[in-house]
Structures are given as structure tokens and as C-alpha cells.
Amino acid sequence: MRTTATYLYAITRPISSAEVSELRGVGGTAVRVIAHREIAGLVSTVELSDFAEQALAAHLEDLDWLARTAREHDEVVRAAARIATTMPLRMATVCLDDDAVHTRLETLSHSAVAVLSELDGCDEWGVKMFAIGPPPSTEGTTAEPSTGTAYLTQRRRQLAHRDSTRETAAHDAGAAFARLSKVAVASRQHRPQDQRLSGAEHPMVLNAAFLVTRQDEDAFRAVMTDLVEQSPPDAFALTGPWPPYSFVPSEDL
Amino acid sequence: MTSLPARQDASTLADVLERVLDKGLVIAGDIRVNLLDIELLTIKIRLLIASVDKAREMGIDWWEHDPTLSVGQRDIAEENRALRSRVAELEAASHRPAQNEAASPQAQEHE
């Protein structure tokens, strides 16, 4: 009776299993390569007791398991991207066995090669921007409001200040995105992260990803440095290099 | 940041999750799972109910800055009741009918 399945992390240009033999994937499993014509699938053999549909659904509801597995998945994809051009997969793609993976690779082989060609020599960089306005003026707000009217006036002033801070930040975010896009091959704007999940101190006004060639990395960082220097401290957060999660097609290939 | 971080600056859990759950190539595997059922907001609520300490360990402590959740202003038991019922609502809204091992309906792409 079948007890294992094949977990798929990424599709890459050809690499050998030897190049990934040191890696550990989800649940500490060994990572290996399924070669198929001009592409390769990066996989691990996993237990169905963890990855069959009900077990997997239950695990995905457990934040500890989810956080650990998400990081393990990303680590494998990152390691692959350091070796060869990589198309990251969304996590939790599980095929019944290696033959089933071969079948998938055969179907998408042509389109995958086309996408890999666009990604050659590039990394993804994440840029987040936060609305950090100057503190509201203390005029008229130091005393506790003593009447309902005074309270409403104070509240209205606070909201107006907050709105104008956000308006300015939104404008600055657009300008920053435009400048960075000029030194990137491609750019994307994602939904700002939920402040209540990320624990960020200030609202996020930009959550962007940029696909940058390695030759242009210095130019990209120069623009970032300029933006950082012109802004309040901690207005920006730069992460990367990432494998190009944001620049692979989102529909089934 | 006040100057650029070195390459490979530490990314947050939120940075990783939004990529591996919501970006990346979608290939229909043989095991069907709808990642969109994992609503990040639901996760937040579960964190609050399950383990404040665990979340704090992971660097998630937004509620300590959220005045509407300060101890002393709300009854914690009442808060938990309200949150549990909200989780139940969200689960009911996203719950798939199939409970067996058979393939479930194709995951829907949203946005």
C-alpha cells in the first residue's frame, strides 16, 4: 500500500541531485532532482501520514507547523536559486509519486523554459514602505477634553492628521515604486501586509516586489539608498534577494 | 532601516508566508488543498486564543499596542468568547463539504 508521495518545491534549469544532496526540506526530508528534458523538478519524498489531504489540511491550520514548513519550503527554493534559475512553486504541491511529477513536467516543459529564460540572471527584491508621519502637534491636545464637543474636535483633528499622513505616504509610495521600477526588469505591487499579523508599528503603504538583474543590483540599491536617506528612519524595509516568487505566472502553466 | 541592510536581510514570517502561500507557481498536485482557506486573519485570532506566549516568542505582539485589547478595559473571558465565535463564523464560511480522502473541488484563484 502506498505510504509516501512526492512533494514539489520548484522547477529549475537542469541541476543534479548531487548539487542538492546536502539540503533538508519539509520535515527534514532529503531533497533530490527529477530531471526532465530541459527542466528539473526539485522534490522530496514525504509521508502520506503528513501530506494526504486530511492530514495536510489539519497541519495547515496549525500555525507552528505552517510556519516551520513554510520556512523549510523557502529554504529549499532559495538554495536552488543559488545554483540555477528557479521557478518557485507555491507550497504544498504534492504528487502521488515521481511518475506523476514527470507527467506534470512534460505538460509544462515548453512554457517553463520560456519563463526560465525571462528569469535568468535575476533576483527578486522586496520593498515595504510605512507611513511614518511627524507626531501630531500637541496644540490643544495636551489637556483631556472636558466636553463632548472638545472631544469630537480633538478626534477630528487626529483623524485629519492621520488621513493627511496617509495621503502623503501614498503619494511617496507611488513615487518610490516608479523610481525603483526604472532599474528593474519587472515590478509588482502586493496587498499591504495586515498590520495586526505583521506586528508592524506603522501602517504599510507599499508592499512591492522587483525583478532585478544581477548587473543592475548596484543601481537598484543606489536608488534605495537615496530613498532611505530622504525619508524618516524605518520608512523602508528591504528584503532579498528572493527567488522570483512574484514573477512566475499565477495561473496553471 | 536607516541604511541598507546587507543582502539576505532577515525576512519576517509574514514575508515568507505571503510568498509561499499566495505567490509562486500553482501546479495542480494529486493531493488537493486550498491554501486560501488559511485566512491570515483567522491565524491572528487563533494566536490570540491559543497562546499569547508562543506568539510573542515569534515576535508577534501587536495586541500590546492595541488600546482596544488592553487588560482592564475589556473582560478577557468575554473577549475570548467573542473571538471564538468569530473563528467559528470564518471556519463555517470557508469550510469545504468533503471530509473524505477523495479529491476535493479545484482550488479557486482569488484576486
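The legends below describe close-up views of a predicted model.

Local features are given at pLDDT of at least 70 and side-chain atom pairs only at pLDDT 80 or more, while totals for chains, interfaces and linings use all residues. Residues are numbered from 1 along each chain as its sequence is written, chains are lettered from A in the order in which they are written, and side-chain values use heavy atoms, without hydrogens and water.

View 1. A nonpolar core is a set of buried Ala, Val, Leu, Ile, Met, Phe, Trp, Tyr and Cys residues joined through side-chain atoms within 4.5 Å. Buried means under 20% relative accessible area, exposed over 50%, and partly exposed in between (1.4 Å probe, protein chains only). This core has 41 residues, and those with the most contacts inside it are A:Tyr7, A:Tyr9, A:Leu42, A:Phe51, A:Leu56, A:Leu60 and A:Met91. The most, nine residues, come from α3(A). Helices (H or I, at least four residues) and strands (E, at least two) are DSSP runs numbered from the N terminus. Another core, of 24 residues, lies apart from this one and includes A:Ile39, A:Val101, A:Leu105 and B:Leu25.

**View 2. A:Leu56 in helix α2 of chain A.** A:Leu56 is buried, with a relative accessible area of 0%. Beyond its neighbours within four places in sequence, A:Leu56 is in contact (heavy atoms within 4.5 Å) with A:Asp50, A:Phe51, A:Trp65, A:Ala92, B:Ile31 and B:Val33.

**View 3. An aromatic cluster of A:Tyr7, A:Tyr9, A:Phe51 and A:Trp65.** Rings of Phe, Tyr and Trp (its six-membered ring) pair if their centres lie within 6.5 Å; planes under 30 degrees apart count as stacked, over 60 as edge-to-face and the rest as tilted. By this rule there are seven aromatic pairs over all chains. One of them, A:Tyr7 with A:Phe51, is edge-to-face, at 5.6 Å centre to centre and 75° between the planes. A:Tyr7 lies in strand β1 and A:Phe51 in helix α1 of chain A, so the pair ties together parts 44 residues apart in sequence. A:Tyr7 is buried at 0% relative accessible area, and A:Phe51 is buried at 5%.

**View 4. A tilted pair, A:Trp125 and A:Phe220.** The ring centres are 6.3 Å apart, with 35° between the planes. A:Trp125 belongs to strand β5 (residues 122-130) and A:Phe220 to helix α7 (residues 217-229) of chain A, so the pair joins parts 95 residues apart in sequence. Both A:Trp125 and A:Phe220 are buried.

**View 5. Two arginines over the ring of A:Trp242.** A charge sits over a ring if NZ of Lys or CZ of Arg is within 6 Å of the ring centre and within 35 degrees of the ring normal. A:Arg78 lies 4.5 Å from the ring centre, and the charged end of B:Arg19 lies 3.9 Å from it.

**View 6. Packing of α3(A) against α1(B).** The axes, lines fitted to C-alpha atoms over the stretch in contact, with angles from 0 to 180 degrees between N-to-C directions, are 10 Å apart at about 70°. That makes the two helices roughly perpendicular (65 to 115 degrees). Contact residues include A:Leu66, A:Ala70 and A:His73 of α3(A) and B:Leu13, B:Val16 and B:Leu17 of α1(B). Nine of the 10 residues of α1(B) are buried, so this helix is largely enclosed by the rest of the structure.

How values were computed
Parallel < 35°, antiparallel > 145°, perpendicular 65-115°, else oblique.
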